[in-house]
Amino acid sequence: MNDGEKKQIAILGSTGSIGTQALEVVDRHPEQFQVEVLTAQNNADLLIQQAIAYKPNTVVIGNEALYDQVFEALDAHDIKVYAGQNALGEVVKMESIDVVLTALVGYSGLVPTINAIKAGKDIALANKETLVVAGQLVTSLAAEHKCNILPVDSEHSAIFQCIVGEFQNPIEKLILTASGGPFRGKKREELLQITKAQALKHPNWEMGAKITIDSATLMNKGLEVIEAKWLFGTPLSQIDVVVHPQSIIHSMVQFEDGSIKAQMGLPDMRLPIQYALTFPGRLKADYPRFNFMAYPQLTFEQPDTKTFRNLQLAYDALEKGGNHPCILNAANEIAVAEFLKDRIGFLEISDIIAECMARVSYISEPNLEDYIQTDQETRIKATELIK
């Protein structure tokens, strides 16, 4: 991108929580950004509205059954329309794209992200599952193709902001903060009758259904531990999690002299999205400001990994390595989807994940095809366990 030109952005998952907030960032800085690609899986109506408003070069609707609806709505607007997963994997290679914001949910983000990296695109990564499933492969490819992976998750953005200017100084510890979710402090027997509606009420953040359930089970924090290992090259022994109910400190970094840097602010995903899209610069924003007097106490607790087993299962998967994080992720995606359909209980999510980790074939040094097969095998096994 030449100086003075707008940054051309592809937003994968533009109709979801991260995607819509990314478009809010674009709205605030139209002189900085041009939306080149928008994609959605099923929300054709909103994708059409976004396309008419932002006039991208191309849109992709993942659900091929919705292609005609999208094509007919956008035909008069000179916007190219494609459908299906193959199209999603190809559109990221467009020469005009500068940065790909991956805001897809779950495993679906893996192949498009890999293709974008191979095409030399910088990645604004909101899809943590990409690094959970295939962290070694993805980070190796990014190094090979000299692509930046800029974190969008608030915790990883916080760590990234803390280490800017500190690249020569060894990290002693990464400290990821967790809100604790809606059931913080509850014991296992209190979680037996938890409903979907209760689990979807996050105390601090507005997020999509899947990530909200992951936050309630602490799986989201487990996935973030795995993501942090690959993003920052930090071993598990140097990654801690602390529960911080106010969600003001988004994460911290401790250096070898004992100093700790923390990145703070009100819970607002537009801030890390904007930082990823504008790095290394910062643009003025009119988002609400943090007031210390409104938060006279910031508190911290140890996470309860016995009650919230998913965090421990994530630790176990990362420690074993190989394709185990891929198994963890696939089993969790199936289990969460079934919980959201009221087919299993809240605590059964962890049971299904543990069973899959025990039963699905282990591969110590997987390649991309191994990851794809592991994902498929795990989904079949998890579905069998539920039946």
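This briefing covers the domains, sheets, helix packing and a few local details of the structure above.

The model is predicted. The chain is divided into domain 1 (7–151) and domain 2 (156–267 + 290–320). Another sheet has four strands with mixed pairing. Helix H13 (residues 324–340) packs against helix H6 (residues 129–144) and also against helix H14 (residues 348–359).

**Domains**

- Domain 1 runs over 7–151, while domain 2 is made of two segments, 156–267 and 290–320.
- The C-alpha centres of domain 1 and domain 2 are 27 Å apart.
- Domain 1 gives 13 residues to the contact, and domain 2 gives 15 residues.

- Strand E6 (residues 122–125) pairs with E7 in the parallel sense, over three bridges.
- Leu125 stands opposite Pro151 in E7.

**The four-stranded sheet**

- This open sheet has the order E9-E8-E10-E11, and its pairing is mixed.
- Strand E9 (239–243) and strand E11 (260–264) stand at the edges. Each has a single partner strand, so one side of each is left without a neighbour in the sheet.
- Neighbouring strands here are turned by 20 degrees against each other on average, direction ignored.
- Strand E8 (residues 171–178) and E9 pair in the parallel sense, with five bridges.
- Ile175 stands opposite Asp240 in E9.
- Helix H7 (residues 154–163) lies across E8, strand E10 (249–255) and E11. H7 runs at about 40 degrees to E10.

**H13 against H6**

- The axes of H6 and H13 come within 8 Å and cross at roughly 150 degrees. That makes H6 roughly antiparallel to H13.
- H6 passes H13 in a left-handed crossing.
- From H6, the contact uses Glu129, Val132 and Val133. From H13, the partners are Pro325, Cys326, Asn329 and Glu333.
- By class, the residues of this contact of H6 with H13 are four nonpolar, one polar and two charged.

**H13 against H14**

- The axes of H13 and H14 come within 9 Å, with a crossing of roughly 145 degrees.
- This crossing of H13 and H14 is right-handed.
- H13 contributes His324, Ile327, Leu328, Ala331, Asn332, Ala335, Val336 and Phe339. H14 meets them with Ile349, Ile352, Ile353, Cys356 and Met357.
- The contact of H13 with H14 has 11 nonpolar, two polar and no charged residues.

**Arg379**

- Arg379 lies in helix H15 (residues 368–386).
- The C-alpha atoms of Arg379 and Asn329 are separated by 9.7 Å, although these residues are 50 places apart along the chain.
- Leaving out residues up to four places away in sequence, Arg379 touches Tyr107, Ala330, Glu333 and Ile334.
- Glu333 is among the residues of H13 that meet H6, and Glu333 is also touched by Arg379.

**Backbone details**

- The peptide bond from Phe279 to Pro280 is cis, with omega near 10 degrees.
- Pro280 sits in the loop between helix H11 (270–278) and helix H12 (309–320).
- Asp78 has phi near 60 degrees, a positive value in a residue other than glycine.
- Asp78 is in the loop between H3 and E4.

Conventions
Residues numbered from 1 in each chain as written. Predicted model: local features only at pLDDT ≥ 70, side-chain atom pairs only at ≥ 80, totals over all residues. Heavy atoms only, no water. Axes fitted to C-alpha atoms, helices over the stretch in contact; angles between N-to-C directions. Helix = DSSP H or I, 4+ residues; strand = E, 2+ residues; numbered from the N terminus. Parallel < 35°, antiparallel > 145°, perpendicular 65-115°, else oblique. Left-handed = near helix turned anticlockwise from the far one by under 90°. Contact = heavy atoms within 4.5 Å. Nonpolar A, V, L, I, M, F, W, Y, C, P; charged D, E, K, R; others polar. Pairing = 2+ DSSP bridges. Domains from an automatic or database assignment.
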